[in-house]
Amino acid sequence: MSNVDKMCLRLLAICFLPIIAAAPIAMAVSAFNDAFVHMGAPPLLSDLSWPITLVTAAVCAALFAVQATRIWRWKEGKSLSCSNCGCLLGSIREGRWGPYRKCLGCRGNHSER
Ligand SMILES: [Zn+2]
């Protein structure tokens with residue numbers, strides 16, 4: 001697996017985090033609603049699992065658009081790239097020796113000074 005593959009995997013894996021977080025929430029809301037129905041009470045919540053799923057899918061699509069734009073800008077040479085491997089650099093972080101950026105491919109640190 002090349003450094004460019006690792007960079008793309010790191011960028012696009014973030015797109016799946018909302019669906020991973022929302023699936024248990026939707027299941028819990030549905031189970032909570034079903035428990036009230038089985039007790040004979042009217043359901044407190046309408047079926048919220050579909051709206052949660054749709055909002056999550058929209059968030060995932062928006063994140064994918066942002067990450068794909070970052071990759072496209074890197075490919076066009078419009079963003080900062082690593083001097084070792086040429087991959088995209090991440091956002092600025094504060095470190096012990098000042099601000100730096102981490103390479104998304106080889107995970108090397110690049111000082112901002
Ligand atoms: Zn690098």
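The model is a predicted one. Its protein chain holds three helices and three strands, and reading from the N terminus the elements come in the order α-α-α-β-β-β.

**Overall form**

- The radius of gyration of the protein chain is 21 Å, whereas a compact globule of 113 residues would have one near 13 Å.
- Of the 113 residues in the protein chain, 9% are buried.
- Taking contacts between residues at least 6 apart in sequence, 40% link residues at least 24 apart.

**The sheet**

- Three strands form an open sheet in the order β1-β2-β3, and their pairing is antiparallel.
- Strands β1 and β3 (109-111) sit at the edges with a single partner strand each, so one side of each has no neighbour in the sheet.
- On average, neighbouring strands of this sheet are turned by 35° against each other, direction ignored.
- As a general point, side chains in a regular strand alternate between the two faces of the sheet.

**The β1 and β2 pair**

- Strand β1 covers residues 89-95 and strand β2 covers residues 98-103; they run antiparallel and are joined by five bridges.
- A hairpin of two residues leads from β1 to β2.
- E94 stands opposite P99 in β2.
- L89 has C103 in β2 as its bridge partner.

Conventions. Residues are numbered from 1 along each chain as its sequence is written. This is a predicted model: local features need pLDDT of at least 70, side-chain atom pairs count only at pLDDT 80 or more; totals for chains, interfaces and linings use all residues. Helices (H or I, at least four residues) and strands (E, at least two) are DSSP runs, numbered from the N terminus. The radius of gyration is taken over C-alpha atoms; the globule rule is 2.2 Å times the number of residues to the power 0.38. A residue is buried if 20 or more other C-beta atoms lie within 10 Å of its own, exposed if 12 or fewer, and partly exposed in between; C-beta atoms are placed from the backbone. Two residues are in contact if their C-beta atoms, placed from the backbone, lie within 7 Å. Two strands pair if DSSP finds at least two bridges between them. Axes are lines fitted to C-alpha atoms, for helices over the stretch in contact, and angles run from 0 to 180 degrees between N-to-C directions.
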